[in-house]
Structures are given as structure tokens and as C-alpha cells.
Amino acid sequence: MAKLKSSFRGKTKKNAESRKRGNSFSYLKLPDGVEVFSPEADSKIDMDIMPYLVTDKKHPDKDVEAEIAIAGTYWYKRPFKTHRSIGAEPRSYVCPTTFGKKCPICDYREKLRKEDGDEDEIKTLKTSERNLYAIIIKGKKEKKDAKIYLFDASDFLFQEKFEEQLSDDDKFEIFPDHKEGFTLRVRFVENSFGGNKFAEPSRFDFVDRDKQYTDAILDRIPQLDDCLEVLSYEDLKAKFLETIDIDDEEDEDEDEKPKRKLSKPIKKQKPEPEEDEEDDEEDDEEDDEEDDEEDDEEEDEEDDEEEDDEEEEEEP
């Protein structure tokens, strides 16, 4: 009897690789044959950053006078913004303002700012600046079969450091040109944030390419403007409200804590010590004895009535 081919062949490994990548790239739309490049710590990578055809008329780098990132021309990076830890299953989502559209999360954040909302909450809702690149990793294959990767990197950790190196010599500014450019050599070291380890670039060097590309390579470069998944205003708002619902349920379970008047949109935005301080302020308005404790340095010089007047002046 012929041995049947297992239906699990190739699937479990692919799923494991997907889990290892996590949700970091859930907002990317990968063209056929294109993968995401994830650098490893303690590695040295030679990469060619390739130019792509800009299609977005509102490209963030657009400069008509300098003829930069204009639709129909070639540019080497696609800047975009993300909101992190959104939804019942926390993920990152592209902020619609990346494409000049309204964002429900940004609208909510702006409302908090105008109402003098919690500073930690406002900070947590701030967008993260990132860049998307189309790259070819040197040493993988010959250029005629060169594999294209998408490289999604923090603007602060990659682009800003990279530009410092770029400013050292003007001749390197043509690095993304497919016919005259340079290879970028990047050294990655291990770092950690929030208990998660990641590869952080520590050094950039430009080296001569052993061989340049022809115009044929441009037809294989993905249009990066089309590789970002952007939810509609209503869909992103629904994801955002999922997070608020989760926080509301947790607040109800914590009977010993007073219920907030405004649900915070993301978990752990307001640390415990600050919540305690807010409770103390509410008690101060009702309890003159705690007012005395806050002003204990002046209690020998002021009476209780003067302390009450001072508190009323401090509150908006």
C-alpha cells in the first residue's frame, strides 16, 4: 500500500516561523515571492537598498522643489506611522494619517490633550515612526536571481543612525541607485525592551558593490506604497474600542478600586502609583485633615481656612 503524504508536511514549520515573527508585521501586504527580512543579533549584513516607484501623491517625504518622492519617480524608503497594542489581541496598526486620512486613535488622543487628560495615556497613544525598505541581501544568491525582501525598521533605531553615517561623505548619497549605488553593511547587536530581545543596528558602513544592477531589477521591486495595510476609520475604531472594553471588564473585577470616569484605551497606561495619587486628590477635596498633611510644611503658619483657599486656587 502506497504511503500517503501527510497533510501536515510543511505546515507546522511555517506556523512556527509565523509565531516567531509575532504580530510585528501584521500590517504588511506581502507580494508573491517577497518575504520580510528579520535580522539576527550579533550579525553583520550586507544589503542593497533598492529604489521603488512612488505611487502615493501624499508621500511623507514628498518635496516638489527638490523632486523627492513625487508620484511616478523613484525613492528608497516608505515612511509610515503605527499605533501599538491595539485590540483584544494586541497588534500594531498603520495610522491612517500615513496616507493623509483621519485616525480615530489620533482623534481620541487629541481630545485628551485638549481636556488636559492623563499624560501617560496621551504618551501611550502616540504613533511610532517607521520606514519600509525593499532590500536585497548580499551573499544569498547571484543578482540575476536576487531575492527581494521587505525590511520594516524603526526610524529612531535605523534611519536616524543611518543618516548620521550618510552625512560623513557626500559620495554615498547615491547609495540606492541601482546602477551607481553602494552596498550598506550593517552590524546588529542584541538589545531588549519590555522583556523582548531584538537585533539593534550598531554600525553602518558603505562598501562598493561588486556588480551593479540593470533596469530589469526595477520591475521586480514592490511598490512599497501598496504594501501597507490600512484599516478604514470605522474598522480601526472598532479595534480600538475592543481594548477599551477589556479595560472596563478589568476595572469591574477590581472592586477595591473606584471606577474611572473615562475608560483608558490601552492596558497599563496609568501606573498604580498615579492612580493612588488621583484617589488622594479626591480625598483631599472631602477631608480637611489630609489637606493638612499635604501642606504640613506650612501648617504652623497657616490655619485650616487658608489651606482650603490655596487648594481651590490650584485646581483649574
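Colleague: How many salt bridges does the count come to?

Modeller: Side chains of opposite charge can pair when their charged atoms come close. A salt bridge here is a side-chain nitrogen of Lys or Arg within 4 Å of a carboxyl oxygen of Asp or Glu, and by this rule the count comes to 16. The model is predicted, so local features need pLDDT of at least 70, side-chain atom pairs count only at pLDDT 80 or more, and totals for chains, interfaces and linings use all residues. Residues are numbered from 1 along each chain as its sequence is written, and side-chain values use heavy atoms, with hydrogens and water left out.

Colleague: Which parts does the pair E35 and K147 tie together?

Modeller: The side chains of E35 and K147 form a salt bridge at 3.8 Å, N to O. E35 lies in strand β1 (residues 35–36) and K147 in the loop between β7 (128–137) and β8 (148–154), so the pair ties together parts 112 residues apart in sequence. Strands (E, at least two residues) are DSSP runs numbered from the N terminus.

Colleague: Are D56 and R78 buried or exposed?

Modeller: Buried means under 20% relative accessible area, exposed over 50%, and partly exposed in between (1.4 Å probe, protein chains only). Both D56 and R78 are buried. Their side chains meet in a salt bridge at 2.9 Å, N to O.

Colleague: What of D61 and K77?

Modeller: A salt bridge of 2.6 Å, N to O, joins the side chains of D61 and K77. D61 is partly exposed because its relative accessibility is 21%, whereas K77, at 8%, counts as buried.

How values were computed. Helices (H or I, at least four residues) and strands (E, at least two) are DSSP runs, numbered from the N terminus.
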